[in-house]
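Keep the viewer open as you read.

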Amino acid sequence: MRHLPVRMARWSARHAGRAIAGWFAFVALWLAAGIALGTNEATTKDFWVGEAGRAEATATEGGLERSPTERITIRARSGELDMAAAGAAARDVTVRMRELPEVESVAAPVRSKDGEVLLVSVVLNGPELEGKKNVVPLLEQTAAVGADHPDLVVEETGSPAISKGVNDQRDEDLALSERISLPVTVITLLIVFGSVIMAGVPLLLALSSIAAAIGLSMVASHVMPDAGVGTNLILLIGLAVGVDYTLFYLKREREERARADGRLGPEALVELAAATAGRAIAISGLAVIVSTATLYLATDVIFSSLATGTILVVAVAVVSSLSVLPALLVVIGRRTDRLAPRRAARRAARGKPARAGKPETGRVFAALLRPARTRPALTLCLSVLVMLGLAVPALGLKLIDPGKDTFSRDIPAMRVYDRLTESFPELLVTHEVVTRSTPEQAAQVKQALEDLGRRVQADPLFAQAPENPESPKTVEDAEEEVEDARDLTNPGAGPKSPENVHPTVRTSADGRISVLALSVPHPAPSAEAIASLTHLRQDHIPATVGRLPGVETTVSGDVARGRDYVGHESDKLPLVLGFLLLMTFLMTVWAFRSVVIGAIGVVLNLLSAGASLGMLVLVFQGTWAEELLAFDSLGAIASRVPLFLVVILFGLSMDYQVFVVSRIQEARQNGMSAREAVLEGINRSAKVVTSAAIVMVTVFGAFVALHLTEMKQMGFCLAVAVLLDAVVIRLMVLPSVLLLLGERAWWPARSPGRAGRVRRSQEPAAGPLAEVG
């Protein structure tokens, strides 16, 4: 690891044309391979977790799995509903849907309790997750029926339509985040470098790294299925780390150029930068990859997709920084060297002095560093107290698995869903009780399930279910019922009201597996819906079907999926965090040969993660910031957010830890005292670390403008964490700790002494292979 970045830089510098062409061929190859193979998307069974997952596996085995279902509602545009006109529209919907190859069956129309809405349920072919791909023709036919019946409002919703709406909204949001983050990133880079060409290099490499990572992720999905979130994360992390890694390398090359003052060529300058910044980038990238890999221990398809996307884009960003970036810098350096005499002559002709090098730190950074330099003990105590204070709200963290009830109402299907559930509240939540027994017990099981259905009718938390909403009648049956009910103006005729229909039991052909659907008129995230699941599992089932010996009974459904998912994550949390802390410590010790530095890194990362999670809870778990950030509070944090953020934050914090401490270590190896090395390293890294943080904060902060609350929470927490880490941790806490510890911070490494003090400071032309960092 120590010499590899230098060897890669040397080859790249000496074969610049081949290195640049090879990089873009690499990007094109993997992007083309990904497009050719396509993405292997996760199937329904990949999401099965806990008891709910076992229930769905059992139901699928018996051919009783959930099918994607759409709901078409028919209501008057104004005034009371004309049931004759509504019946005609229902027949039109039925006929049109029957002709679609995507449709499996259509249910008989169902009338709402108030008689103002007529509902037609349509089951699509294929597994549940395929619904969002097949729903477009249904939406088109629903719109056509609405156009043919202008006096009626004909609308469609359902999990497939909602999922499609969420995907469309996510695509729009990602485009918006790019429009926000890219201009700010360009402006930041222009301020840092003062050159359009130099500012364009980080963006070029970041975007090309993203393209290659997307192609690689599509190929990787054939080994590990993609849950649909990998690309989003590649865009989020790729721009941030891609720009950061290039930024660190570029700044170091410019430092070496200024120090050499024309005595070294572009190739030698690139090798010097590779020996320091290149090695730091390699270690930092490896640290992010190792920490992110702990997400695989969660044994969850979503976390696995997040881990794969992050690992791939970070790995590609590291490769681009170590391979093609040196070649680009050599090309730019040669051009700069050719133009330098001409520029100097023009300045001399105008009577202007030669440009002086800019100081490493400005007034702002000097002011931020002054407390740690002059009063490290007081600065450390106050900074830690501030971070702990910010972390306090995290103690009240509540987790929720966000379902469709939490999606943005800017999605048309969600607005229709609200109107649907207002008229048919029993469609809000469905619990599915799944049993497995011997065929000989089928009659007993059916009787026990029917007893269970009658028992829950007395529980105020449950509602009477519509007529088998997940398994509607065939189109022919629906047509017969509508045809027989010509006088739809009579509420007692024709389509039945849901309150008159009792839960029914479905049994597999071999009699071994049965399913009972029970309705709850409360949203899935509500306390009432959660309580109904608890009553069902702990009270109603043990009193009925749970009494039968040898019968396996499990519960799935909207609420069970979410609760079991949260429980699964909670069970895996200690394992993931334990390995994360261990790997962070070992990586830091390996990088700097210091146990103390390793321990400091772990503690500082915990401080940063705790403070950012506290801010997340403070802002998103309450309601005070809803209007400010344009979101509807869930009263909790999305269950995937904390674990994912802690892992990613540890990796990103390692970025700054490696870059700052490596500069301090370099100064120490050059013969400076412990105090001098700390001040020198912080001074030289403060500006570039803060510039990198600005880019990251911009990229992550742009996600706060998105609609999906889960993405808002992720973006906000990442932006806050990076800001706190770059300003409070790296400019106040870290230098204070190192100044107080002195040489003890590097135990068990020996002090390098002062013999090497002049190695770099007085001999800049010692050559690219000088031992540094």
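## Confidence and ground rules

pLDDT is the predictor's confidence in each residue, on a scale from 0 to 100. Averaged over the protein chain it comes to 85, and 88% of the residues score at least 70. This is a predicted model, so local features need pLDDT of at least 70 and side-chain atom pairs count only at pLDDT 80 or more, while totals for chains, interfaces and linings use all residues. Residues are numbered from 1 along each chain as its sequence is written, and side-chain values use heavy atoms, with hydrogens and water left out.

Over residues 465-501 the pLDDT stays under 50, and the model has 80 contacts beyond four places in sequence for them; a contact here means heavy atoms within 4.5 Å. Residues 754-773 also have pLDDT below 50, with 46 contacts in the model beyond near neighbours in sequence.

## Overall build

The protein chain has 24 helices and eleven strands. These are DSSP runs numbered from the N terminus: helices are H or I with at least four residues, strands are E with at least two. Of the 773 residues, 56% are buried, where buried means under 20% relative accessible area, exposed means over 50%, and partly exposed is in between (1.4 Å probe, protein chains only).

Among the contacts with a separation of 6 or more, 82% are between residues 24 or more positions apart. Arg370 sits in helix α12 (residues 363-374) and is partly exposed, because its relative accessible area is 42%.

## The largest cavity

A cavity is a set of points, on a 1 Å grid over the protein atoms alone, where a 1.4 Å probe fits but cannot get out; its lining residues have an atom within 4 Å of a point. Grid points are joined across faces, edges and corners, and a volume is the space filled by probe spheres set on the points. There are three cavities of 30 Å³ or more, and the largest has a volume of about 190 Å³. It is lined by 20 residues, the closest to its centre being Arg252, Ala277, Phe659, Ser662 and Arg663.

Which helices each supply at least two residues of that lining? They are α9 (230-260), α10 (266-293), α21 (640-669) and α22 (674-701). The lining splits into nine nonpolar, four polar and seven charged residues, with Ala, Val, Leu, Ile, Met, Phe, Trp, Tyr, Cys and Pro taken as nonpolar, Asp, Glu, Lys and Arg as charged, and the others, Gly among them, as polar.

Helix α9 also holds Lys251, which counts as buried because its relative accessibility is 19%. Leaving aside neighbours within four places in sequence, Lys251 is in contact with Val192, Phe193 and Val688.

The peptide bond from Trp747 to Pro748 is cis, with omega near 10°; Pro748 is in the loop between α23 (709-741) and α24 (758-761). Thr299, in the loop between α10 and α11 (301-349), has a positive phi of about 45° although it is not a glycine. Ala630, another residue other than glycine, has a positive phi near 55°.

With a disulfide taken as a pair of cysteine sulfur atoms within 2.5 Å, the count is zero.

Notes. 1 Å grid on protein atoms, 1.4 Å probe; cavity = no way out; pocket = protein on both sides within 12 Å on 5 of 7 lines; lining within 4 Å.
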